[in-house]
Amino acid sequence: ERENMTLIFDRYNDKLAILPKEQGWITENLHLYQGFWFTSMHNRISVEAVMALQDTFKARPTDIYLATLPKSGTTWLKALVFALVNRNHYKNNSLSTHPLLVSNPHKCVPFIEGEIFKNTPTYVDPHSSRLFATHIPYTSLPQSILDCGSRFVYLYRNPKDVLVSLFHFTNKLRDESRGQMTFEEAFKLFSKGIMPNGPYWDHVKGYHKASLEHPENVLFLSYEDMTIDTMTNVKRIAKFLCCPFTEEEEAEGAVQGIVRLCSFESLSEINKHGNVRGGLPSNVFFREGKVGDWTNHLTDEMSSVLDEITKEKFHGLNISY
Ligand code: A3P
């Protein structure tokens, strides 16, 4: 597998070599490609994979994509939508255990830029909608996805909480040789737009614009809203994906069941041990799962710098959290 990927990635060596580079968070470098920062080879999600997808990926109209920036609630969204679209397979314990009770959500829903070269079973079932995730910015998506009208659920989060979450994630995964990152460093990179798949603001704006232009294809949700009323939002997602809950299901508590199964408490307990693909520990995706932890990390000055950038970048747009 590794060899195969190396061969594919080698095709993009020349293209990669001329891209602007910046210091990375977890890994050494980030590369600027089509206006966004990406890691490179030997990472789970890399700029070469994005290039390869742009060249070769074949989407289907029935595909469902869960799009996010890292640390915006990807794991939660994967769990919720996986449970939602597969709810009839796992009703009444017809299969003895639900996959989410034994597997990390990242194993249940693959990233197109992480799994594209591997034939996992989730990929090949021609009878049901394929469920994928991606961190790729809207404007860099493979053309075939845009052309065939697949549906997207986009989840975004308050930039200050994304920054804090990414800071902790980075320090859990950084190689010892690089040492720990200071919060000051993280803040500087983030405000310059330098983070994997960032700038934050451009990523959010891209999907926001798409949701206005193609409301039937892109559902735009915030982590904060999901936290306040998960049930209503799960019902919205179900409706958007053309598999609304029936009255009977609602009466039976199907929505509550999914929300409970995918809650931070439940998933963080289930994923205490083990690894996800790529060798990351399963528990690294669960920290606090709360809104507003930024108040414990940002100085007033840092906070107002980010407020200014956000005000300017989101000017005239109805994006709130
Ligand atoms: P914090 O670091 O603020 O706790 P991603 O999945 O995109 O990597 O995002 C990770 C963030 O989502 C982390 O935020 C994590 O704790 C939070 N999270 C993970 N599972 C969650 C869940 N089931 N409900 C709510 N938040 C969750």
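# Briefing: nonpolar core, parallel strands and ligand shell

The largest nonpolar core has 71 residues, and Leu80, Val81, Val153 and Tyr154 make the most contacts inside it. Helix 4 is the element that gives the most to this core, contributing 8 residues. The structure is a predicted model. The protein chain contains 18 helices and 7 strands. Its radius of gyration is 19 Å, close to the 20 Å that the globule rule gives for 321 residues, so the chain is as compact as a globular protein of that length.

**Overall dimensions and packing**

- The C-alpha trace of the protein chain spans about 55 × 50 × 40 Å along its principal axes.
- Of the 321 residues in the protein chain, 37% count as buried.
- Among contacts in the protein chain with a separation of 6 or more, 70% are between residues 24 or more positions apart.

**Core and strands**

- Val81, one of the core residues with the most contacts, is in contact with Leu66, Leu131, Val153 and Ile237 when neighbours within four places in sequence are left aside.
- Strand 6 (151–156) is mostly covered, with 5 of its 6 residues buried.
- Strand 6 pairs in the parallel sense with strand 4 (residues 64–68) over 5 bridges; within strand 6, Leu155 stands opposite Thr68.
- Strand 6 also pairs in the parallel sense with strand 7 (residues 218–222), over 5 bridges; Leu219 in strand 7 is the bridge partner of Val153.
- Strand 4 and strand 5 run parallel and are joined by 4 bridges; Leu131 in strand 5 stands opposite Ile64.
- Strand 5 (residues 131–134) is covered on both faces: Leu131 and Ala133 are buried on one side, and Phe132 and Thr134 are buried on the other.

**Ligand surroundings**

- The shell around the ligand comprises 21 residues, of which Thr74, Thr75, Ser165, Arg287 and Gly289 come nearest.
- By class, this shell has 7 nonpolar, 9 polar and 5 charged residues.
- Helix 4 (74–85), helix 10 (159–173) and helix 17 (264–270) each supply at least two residues of the shell.

**Asn158, between strand 6 and helix 10**

- Asn158 lies in the loop between strand 6 and helix 10.
- Asn158 counts as buried because it has 20 C-beta neighbours inside 10 Å, the cut-off being 20 or more.
- Not counting residues up to four places away in sequence, Asn158 touches Glu224 and Tyr321.
- The C-alpha atoms of Asn158 and Gly292 are 8.3 Å apart, although the two residues are separated by 134 residues in sequence.

**Backbone features**

- Most residues other than glycine have a negative phi, and most peptide bonds are trans.
- Lys71 has a positive phi of about 75° and is found in the loop between strand 4 and helix 4.
- Lys71 counts as buried because it has 24 C-beta neighbours inside 10 Å.
- Asn197 also has a positive phi, near 70°, and its place is in the loop between helix 11 and helix 12.
- Asn197 is buried, since 24 other C-beta atoms lie within 10 Å.
- Gly198 and Pro199 are joined by a cis peptide bond, with omega about 10°.
- Pro199 is placed in the loop between helix 11 (183–191) and helix 12 (200–213), the loop that also holds Asn197.

Conventions
Residues numbered from 1 in each chain as written. Predicted model: local features only at pLDDT ≥ 70, side-chain atom pairs only at ≥ 80, totals over all residues. Near = placed C-beta within 6 Å. Nonpolar A, V, L, I, M, F, W, Y, C, P; charged D, E, K, R; others polar. Buried ≥ 20, exposed ≤ 12 C-beta atoms within 10 Å, placed from the backbone. Contact = placed C-beta atoms within 7 Å. Core = buried A, V, L, I, M, F, W, Y, C linked by C-beta atoms within 7 Å. Rg over C-alpha atoms; globule rule 2.2 N^0.38 Å. Pairing = 2+ DSSP bridges.
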